[in-house]
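This report concerns a single protein chain.

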Amino acid sequence: MAKDIFSKPFDDGTLDKLKIFEDYFKEWLPVFIAPTKPIWNEIQIFDLFGGEGKDTNGVLGSPMRILSTLNKNENLILRSNVKIKVIVNEFEKQKFDLLISNLETIANKSLYDLECYNEDFVSIYERYYDGMKRTANFLFLDQNGIKQITESVFKKLIQLKQTDFLFFISSSYIKRFSEVEEFKKYLNITRQEIDNKSYYHVHKVVLEYYRTMIPNGKEYFLAPFSIKKPAGIYGLIFGTNHTLGIEKFLHVCWKHDKLTGEANFDIDNEKIDLTKPTLFEEMNKPKKKQVFENTLRLKIINKELKTDKAIYLFTLSEGFQIKDANYILRELEKENKIQINFKLTNSDIHKVQQTSTIIYK
Ligand SMILES: C[S@@+](CC[C@H](N)C(=O)[O-])C[C@H]1O[C@@H](n2cnc3c(N)ncnc32)[C@H](O)[C@@H]1O
């Protein structure tokens, strides 16, 4: 099913995946080690499909990127006194041996504990699961294919409190095989769900499938990032139960895709070139953004969204950033439709102490 990504240099899609993972990890880590009084005494970082550590050109894979990011944060780690555990796993013995020898070249064990396993992902996941309830965690689950992040794995993941995860999935593989009985054991996505969407959007269908597993009423955030490779559409799925997690992940996504914040290609096939804008402003604005802005405007005007908190949560759940909501709020104020009686914030909405209600004119 899946090709061995270590038999040749990493391709562009793999490099995009690694960069997004690494950029997010660089945003996640300081949340726990930068405060002078850290909230969590212990954090755990899991990379359970570890690979070999480097590609044939020596480009670093995910576990090496974790260690080098930690090493670069030496001062903060030492000052914080937070205990850090890195748990790395790789199933294939030959790859595992290579991984260990690569990790040993850079591991600084005075900063963190490094625990390495040569087992099946599920065994490690199960073994560490209870412990994860007592620590803050970040899991990178870079499976080949689609089989590992099953309903049961996913449902357990989203129950964990201070836990963010990022997993990789071969989404267009699902389009090809969704009717195969063997496949349905892993993911129960119907052919119809997939056929209703364009090929480019297949990863978003996969995200919606996982979204159905979130219990009604539970505040939980998921976000996709689609990755196109010659062999098909792949993607990352990010999950967190904290607004700060989704704010940070979306920040990384929009840094990588300035048009839609969700893909390493022109996912809506609009051929907008931001470096050569046309004279008509609306034509430079992706449809996705136009739809979001119109929807948010209407929801505010209709009083469906009346508070800062509700507006910001809606914005994040639509895959947009807080500043995009502020833009609409300012416009509505300029148009004399509302009065904003609270301070607009660009990030950290969990710090908003009191929910404020818009004044309608
Ligand atoms: C896409 S690669 C990982 C690449 C790595 N994250 C990186 O960026 O360098 C997936 C790896 O998972 C390993 N693998 C496949 N099935 C596994 C399983 N059930 N448990 C653990 N590892 C597995 C494969 O041998 C392969 O090395």
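The structure is a predicted model, in which local features need pLDDT of at least 70 and side-chain atom pairs count only at pLDDT 80 or more, while totals for chains, interfaces and linings use all residues. Residues are numbered from 1 along each chain as its sequence is written.

**Overall fold**

The protein contains 15 helices and nine strands. Its radius of gyration is 21 Å, close to the 21 Å that the globule rule gives for 361 residues, so the protein is as compact as a globular protein of that length. This radius is taken over C-alpha atoms, and the globule rule is 2.2 Å times the number of residues to the power 0.38. Helices (H or I, at least four residues) and strands (E, at least two) are DSSP runs, numbered from the N terminus. The C-alpha trace spans about 65 × 50 × 40 Å along the principal axes of the protein.

Of the 361 residues, 39% count as buried. A residue is buried if 20 or more other C-beta atoms lie within 10 Å of its own, exposed if 12 or fewer, and partly exposed in between, with C-beta atoms placed from the backbone. Among the contacts with a separation of 6 or more, 67% are accounted for by residues 24 or more positions apart. Two residues are in contact if their C-beta atoms, placed from the backbone, lie within 7 Å.

**Helix pairs**

Axes are lines fitted to C-alpha atoms, for helices over the stretch in contact, and angles run from 0 to 180 degrees between N-to-C directions.

| Helix pair | Axes come within | Crossing angle |
|---|---|---|
| α1 (residues 12-33) and α11 (residues 243-256) | 10 Å | roughly 145 degrees |
| α14 (residues 308-317) and α15 (residues 322-334) | 9 Å | roughly 125 degrees |
| α13 (residues 287-301) and α15 | 10 Å | roughly 55 degrees |

Helix α1 passes α11 in a right-handed crossing. A crossing is left-handed if the near helix is turned anticlockwise from the far one by less than a right angle, and right-handed if clockwise. On the α1 side, Ile20, Asp23, Tyr24, Glu27, Trp28 and Val31 meet Leu244, Lys248, Phe249, Val252, Lys255 and His256 of α11. The contact of α1 with α11 comprises seven nonpolar, one polar and four charged residues. In this classification, Ala, Val, Leu, Ile, Met, Phe, Trp, Tyr, Cys and Pro count as nonpolar, Asp, Glu, Lys and Arg as charged, and the others, Gly among them, as polar.

Helix α15 takes part in the other two pairs. With α14, the axes cross at roughly 125 degrees. That makes α14 oblique to α15. Angles under 35 degrees count as roughly parallel, over 145 as roughly antiparallel, 65 to 115 as roughly perpendicular and the rest as oblique. The α14 and α15 crossing is right-handed, and Ile311, Tyr312 and Thr315 in α14 meet Ile322, Asp324 and Ala325 in α15. This contact divides into four nonpolar, one polar and one charged residue.

Helices α13 and α15 are likewise oblique to each other, and their crossing is right-handed. Here Glu293, Leu296, Arg297 and Ile300 in α13 meet Ala325, Ile328 and Leu332 in α15. By class, the contact of α13 with α15 has five nonpolar, no polar and two charged residues.

**Helix α2**

In α2 (residues 62-72), the buried residues are Ser62, Pro63, Met64, Arg65, Ile66, Leu67 and Leu70. They pack against α1, β1 (42-47), α3 (74-80), β2 (83-89), α4 (93-106) and β4 (136-141).

**Loop residues**

Most residues other than glycine have a negative phi. Asparagine 336, in the loop between α15 and β8 (338-339), has a positive phi near 65 degrees. With 8 C-beta neighbours inside 10 Å, asparagine 336 counts as exposed. Aspartate 348 also has a positive phi, of about 55 degrees, and lies in the loop between β8 and β9 (359-360). Aspartate 348 is exposed, with 11 other C-beta atoms within 10 Å.

Asparagine 216 occupies the loop between α10 (202-211) and β6 (221-229) and is exposed, with 4 other C-beta atoms within 10 Å.

Asparagine 264, in the loop between α11 and α12 (281-284), is buried, with 21 other C-beta atoms within 10 Å. Leaving aside neighbours within four places in sequence, asparagine 264 is in contact with Gly13, Asp16, Ile227, Lys228, His256 and Asp257.
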